[in-house]
Amino acid sequence: MTQNPGKPASPADPRALDLYDFAKSGRQAAGALRVSQMPRMLAEVPVDAPDRDTVFTWQGEGSTQPELQDDGAEAPQPYLRLAVHGSVWLTCQRCLQSYSQHLDVDATYRIVATEEEADEFPLDDDEVEVIVGSRQFDLVDLIEEELLLSLPLVPKHNVCPEVHESLLAGGSDEAGDEPDESGAAEEEEKPNPFAVLEKLKQGGPDGKKH
Ligand SMILES: [Zn+2]
């Protein structure tokens with residue numbers, strides 16, 4: 001789990017991947033990552049979640065695609081495709097309970113050599129992102145980054161369990177109070193036209209009626 005720069009990287013080590021070679025030789029790799037191996041993801045998981053250490057599976061595939069160079073010649077350029085699937089427990093922002101959120105990542109990257117090259121890279125394709133390659137590329141870090149980016153802006157249940165149950169029960173006392181209150185407030189704000197009509201029939205304004 002810890003990176004060891006002094007040791008030659010094994011070709012299968014996703015934390016020290018020769019990304020250029022991976023792309024050039026069109027290699028494939030796959031694996032599983034636990035949330036506990038991704039500290040920034042783990043920080044998003046509520047402490048009381050039923051399972052804090054869920055597993056994500058990932059697949060990576062290297063390739064090259066011919067691109068026109070400045071000199072007009074075509075040369076193969078390195079690409080990486082990454083797919084990640086799995087679920088993580090998050091806190092629902094509506095009911096504040098934990099729920100399991102499925103996350104999918106499917107990204108294609110053009111691998112460039114330097115940050116400068118990445119900044120200047122013409123992105124005419126929304127589907128392709130740019131990453132700076134390395135001979136000891138930390139794929140786990142990229143996977144964690146992508147998972148963090150794929151987290152919902154406001155995590156929440158599709159249907160919160162409380163709301164769901166009260167609907168099934170036909171309205172408990174708690175759930176029943178709310179519509180009544182709002183209904184009463186609405187009547188106060190907007191005078192009922194029939195009530196006004198009733199007053200007119202009874203002989204005019206309030207002062208005379210009683
Ligand atoms: Zn909820």
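**View 1. V140, a buried residue of helix 4.** At 2% relative accessibility, V140 counts as buried, because buried means under 20% relative accessible area, exposed over 50% and partly exposed in between (1.4 Å probe, protein chains only). V140 belongs to helix 4, residues 139-150; helices (H or I, at least four residues) and strands (E, at least two) are DSSP runs, numbered from the N terminus. Which residues does V140 touch, not counting residues up to four places away in sequence? They are P14, R15, L33 and Q37, where contact means heavy atoms within 4.5 Å. L17 is 123 residues from V140 along the chain, and the C-alpha atoms of the two are separated by 9.9 Å.

The model shown here is predicted: local features need pLDDT of at least 70, side-chain atom pairs count only at pLDDT 80 or more, and totals for chains, interfaces and linings use all residues. Residues are numbered from 1 along each chain as its sequence is written, and side-chain values use heavy atoms, with hydrogens and water left out.

**View 2. A73, in the loop between strand 2 and strand 3.** Strand 2 covers residues 55-68. With 37% relative accessibility, A73 counts as partly exposed. Once neighbours within four places in sequence are set aside, A73 is in contact with E67 and L68.

**View 3. L96, a residue with positive phi.** Look for L96 in the loop between strand 3 (74-91) and strand 4 (98-112). Is L96 buried or exposed? It is exposed, with a relative accessible area of 63%.

**View 4. A patch of negative charge on the surface.** E115, E116, E117, D119 and E120 gather in this patch. Like charges are joined within 9 Å, with the place of a charge taken as CG of Asp or CD of Glu; Asp and Glu count as negative. D119 sits in helix 3, residues 115-120, and counts as exposed at 64% relative accessibility.

**View 5. The chain as a setting for the close-ups.** The chain has eight helices and five strands, running α-β-α-β-β-β-α-β-α-α-α-α-α from the N terminus on. Of its 210 residues, 29% count as buried. Among contacts between residues at least 6 apart in sequence, 61% join residues at least 24 apart.

Definitions and conventions:
Patches are made of residues with over 30% relative accessible area and no salt bridge: like charges are joined within 9 Å, nonpolar side chains (Val, Leu, Ile, Met, Phe, Trp, Tyr) within 5 Å. Accessible areas come from the Shrake-Rupley method with a 1.4 Å probe; for residues, only the protein chains shown count as cover. A salt bridge is a side-chain nitrogen of Lys or Arg within 4 Å of a carboxyl oxygen of Asp or Glu.
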